[in-house]
Amino acid sequence: MNDPKGHIIQVSPLSDVDSPVLRQICGRISRIFGYNCEIRPLLQDIEFALDRERGQYYSTPILHRLADLAPAQALKVLAIVDVDLFIPVLTHVYGEAQLGGRACIVSTRRLKEQLSPANQLQTLTRRLVIEALHELGHTFNLRHCKDPACIMHYCRMVKDVDRKSDQLCRYCSILLSDEIDRVNAG
């Protein structure tokens, strides 16, 4: 790992994601971002973010609460939930992040759509890993990428998630490396 300050990236599950899936997510996070990853819940519930009219959870207040609850050693924190998330300008989101901030969130709810019975867990795990990496990328100041294979490519539908690779393109890799150098130097 390349962190001289002992920072971690904390994964905070608030859903019944299997431990092997969480370990896979952490493994990919460590490989892509270069920080140790720990799994530890921060939130007990997210009912405070429920919009009863929409029947969905507003993700932005959850991010603020996560950032407030994150321990000092957690450079970034990723919540994983199983509810339908939204932001006011979109009907739903797979996740949200504080651009250049500390917190991000991913939901399994819509990532479960269009799963074939033959490989449900494998496909859901892949989607979850890709979206977790995508949202964490935003916390490291990465923006949406035009390359449809890049983790940072914007996805409107779950089939777009399935088309992405689990890697950053060359351009986004360089931007991430520069941002990690800046974080570690600060």
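In strand β2, cysteine 37 is the bridge partner of isoleucine 9. Strands here are DSSP runs of E of at least two residues, and helices are runs of H or I of at least four, numbered from the N terminus. The model is predicted, with local features requiring pLDDT of at least 70 and side-chain atom pairs counted only at pLDDT 80 or more, while totals for chains, interfaces and linings use all residues. Residues are numbered from 1 along each chain as its sequence is written, and side-chain values use heavy atoms, without hydrogens and water.

Strand β1 (residues 8–13) runs parallel to β2 and is joined to that strand by four bridges; pairing requires at least two bridges found by DSSP. The five strands form an open sheet of mixed pairing in the order β2-β1-β5-β8-β7. Strands β2 (36–39) and β7 (95–97) are the edges, each pairing on one side only.

Cysteine 37 also forms a disulfide with cysteine 26, at an S to S distance of 2.3 Å (cut-off: cysteine sulfur atoms within 2.5 Å). One disulfide is found in the whole structure. The link is left-handed, with -45° about the S-S bond. It connects distant parts of the chain, helix α1 (residues 19–33) and strand β2, the two cysteines lying 11 residues apart. Cysteine 26 is buried at 8% relative accessible area, and cysteine 37 is buried at 17% (buried, under 20%; exposed, over 50%; partly exposed, in between; 1.4 Å probe, protein chains only).

The sulfur of cysteine 169 is too far for a bond because the closest cysteine sulfur, in cysteine 145, is 3.6 Å away. Cysteine 169 is buried, with 12% relative accessible area.
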